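Work through the following exercises with the sequence and the model open side by side. Each task is followed by a solution in steps.

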Amino acid sequence: MKIHSRHLNDVDFQIMKKLLLKEGPNEWNYITDESIEHQFKLIQNGNALAVLAEENEILGFAVVILKESCPSKLSKYDQLSTIAYINDVVIAASQSGKGLGTKLLKESIRLASVEKCSRVYIERHEENLASAGMMRKAGFELVETFNDPNKRTSGSRNTTVQSVST
C-alpha cells in the first residue's frame, strides 16, 4: 500500500468523491456537497494536499488544508499562516481496521511540516471513538471540546478539536 501525495486528475477527484459519499456519511460526520467541492477546489488551486492510500486504486485519502486556507475559526488557537487542518479522512470499508487512517494522518503531518506548518489541527464528533483512537495513535492531543449543534446532529452534539506539532 502506497501512502503519498501526488497530482490528481479529474478521474481521481471522481473516485475520491464517490468514496467519500459511500464511506463517509454516518451519525458522527458532517459531509456536504459544498464542503466536498470546496476542499477539491483547494487541492486544485494548491491550497490543500490530498494524501492517498493506493494499491492499484485509491482506497483512502485525507485532505490537508494549508495555512490561510484553513477554516478561520482555527485562528482562535493559532495564526493561520503557520498551521494545517485535516478536513476529511476516509477509508474504503474493505480496508477498515488495518491502520490505514493512522498512516494517512501521519503522512499528512509529515507533509504539513514540509509545507512549513508548525501545527496540524483536526476535528471529530466528541463521541466518535474510532476517530479518537486513530487520532491518538497519530499523536493528536485535545485542544477543546464545545457544543456544535449546527454541525453535530447526534449524541452529545459536541465537536472535539485536536492538534499535533509537526
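Predicted model: local features only at pLDDT ≥ 70, side-chain atom pairs only at ≥ 80, totals over all residues.

**Exercise 1. Describe how strand β3 is paired and how it is covered.**

Step 1. Two strands pair if DSSP finds at least two bridges between them. Strand β2 (residues 48-54) pairs with β3 in the antiparallel sense, over seven bridges. Leu49 has Val64 in β3 as its bridge partner.

Step 2. β3 is also joined to strand β4 (residues 83-91), by six bridges, and these two strands run antiparallel. Here Ala62 stands opposite Val89 in β4.

Step 3. Strand β3 covers residues 58-66, and nine of its nine residues are buried.

Step 4. The hairpin of β2 and β3 has three residues between the strands, and Asn56 takes a positive phi near 70° there.

**Exercise 2. Check the length of helix α3, then describe its buried residues and what follows the helix.**

Step 1. Helix α3 has 15 residues (100-114). The expected span is 1.5 Å times one less than the number of residues. That gives 21 Å, and the end C-alpha atoms are 21 Å apart, so the two values agree.

Step 2. Lys116 follows α3. Lys116 lies in the loop between α3 and β5 (119-125). Its phi is positive, about 70°, although Lys116 is not a glycine. With a relative accessibility of 67%, Lys116 counts as exposed.

**Exercise 3. How many aromatic pairs does the structure hold, and how are their rings arranged?**

Step 1. Rings of Phe, Tyr and Trp (its six-membered ring) pair if their centres lie within 6.5 Å; planes under 30 degrees apart count as stacked, over 60 as edge-to-face and the rest as tilted. The structure holds two such pairs.

Step 2. Phe13 and Phe40 are 5.1 Å apart, centre to centre, with 50° between the planes, a tilted pair. Phe13 belongs to helix α1 (residues 10-23) and Phe40 to helix α2 (residues 33-44), 27 residues apart. Both Phe13 and Phe40 are buried.

Step 3. The ring centres of Tyr77 and Tyr121 are 5.7 Å apart and their planes lie at 20°, so this pair is stacked. Because Tyr77 is in the loop between β3 and β4 and Tyr121 in strand β5, the pair ties together parts 44 residues apart in sequence. Tyr77 is partly exposed at 22% relative accessibility, and Tyr121 is buried at 3%.

**Exercise 4. How many salt bridges are counted, and where do some of them lie?**

Step 1. A salt bridge is a side-chain nitrogen of Lys or Arg within 4 Å of a carboxyl oxygen of Asp or Glu. The count is eight.

Step 2. Asp12 and Arg6 meet at 2.7 Å, N to O. Asp12 is buried at 7%, whereas Arg6 is partly exposed at 30%. Arg6, Asp12 and Glu54 are linked in a network of salt bridges.

Step 3. Arg110 and Glu107 form a salt bridge of 2.8 Å, N to O. Both lie in helix α3, three residues apart, about one turn of the helix. An α-helix has 3.6 residues a turn, so residues three or four places apart point the same way. Arg110 is partly exposed at 44%, and Glu107 is buried at 14%.

Step 4. The closest N and O atoms of Glu123 and Lys151 are 2.5 Å apart. This pair links distant parts of the chain, with Glu123 in strand β5 and Lys151 in the loop between β6 (141-147) and β7 (158-165), 28 residues apart. Glu123 is buried at 12%, and Lys151 is buried at 18%.

Note on methods: Residues numbered from 1 in each chain as written. Heavy atoms only, no water. Helix = DSSP H or I, 4+ residues; strand = E, 2+ residues; numbered from the N terminus. Buried < 20%, exposed > 50% of the residue type's maximum accessible area, 1.4 Å probe, protein only.
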